[in-house]
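Here is a short briefing on a ligand and the residues around it. Please have a look at the structure first.

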Amino acid sequence: MYNLVYKSVANSLTSAQVDEILTESRNFNGKHDITGCLIYHDGFFVQYLEGDAEIVMALFEKIRVDTRHYEVILLSQGNIYSREFDTWSMAYLSDKLPNEAFQYIKLMVSPEFEIPDMSVIPNPTSKRFWLAAKNLLNKIGHDNFN
Ligand SMILES: Cc1cc2nc3c(=O)[nH]c(=O)nc-3n(C[C@H](O)[C@H](O)[C@H](O)COP(=O)(O)O)c2cc1C
């Protein structure tokens, strides 16, 4: 099982365009056993992808060149023991993030975070962050976010 996290800057998107990304993603991911979480906050995307390594990497290559965002930067990638988002073909979090989460997202999207040696291995801090995101999704329920 493989996990990849990147950040990017969104091109100005309408909510319909974001919905379209989610529909497309859930359709493809559902068919290819990819799960994960997309965060859209303050004009930035942060996406957590997990699944078969080859499929995840091939998908990332497609996402990387998508013109709906730019400055796509890999934050971490590596093997994981089990999925975090096993019931979500692509969970989505935007405005409903808890306050604590914003600091961490700011850190993730800030240029200072781009330390090449740090960027490869999923680390305990980021694991905590994604666990918090998952707990939040569980609280909100699956009706609006799947
Ligand atoms: C922020 C962002 C996240 C995306 N996430 C996914 C995803 O999880 N799965 C997916 O299939 N496509 C995702 N896409 C869409 C892909 O970039 C691409 O449009 C899609 O894979 C269709 O590519 P194709 O027409 O070459 O098959 C995402 C796009 C953006 C901008």
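This is a predicted model: local features need pLDDT of at least 70, side-chain atom pairs count only at pLDDT 80 or more; totals for chains, interfaces and linings use all residues.

Residues are numbered from 1 along each chain as its sequence is written, and side-chain values use heavy atoms, with hydrogens and water left out.

**Around the ligand**
- The ligand is surrounded by 16 residues (a residue counts if one of its heavy atoms lies within 4 Å), and Glu-24, Ser-25, Asn-29, Gln-47 and Asp-66 are the closest.
- This shell has eight nonpolar, four polar and four charged residues.
- α1 (15–31), β3 (44–51) and α2 (53–64) each supply at least two shell residues (helices, H or I, of at least four residues and strands, E, of at least two are DSSP runs, numbered from the N terminus).
- α1 gives the most to the shell, with five residues.

**Polar atoms facing the ligand**
- Asp-66 has a polar side-chain atom 2.6 Å from a ligand oxygen atom.
- For Arg-68, a polar side-chain atom lies 3.1 Å from an oxygen atom of the ligand.
- Ser-25 places a polar side-chain atom 3.2 Å from a nitrogen atom of the ligand.

Note on methods: A polar contact is a pair of N or O atoms within 3.5 Å; within protein, one must be able to donate a hydrogen and the other to accept it, and residues adjacent in sequence count only if both atoms are side-chain atoms. Ala, Val, Leu, Ile, Met, Phe, Trp, Tyr, Cys and Pro count as nonpolar, Asp, Glu, Lys and Arg as charged, and the others, Gly among them, as polar.
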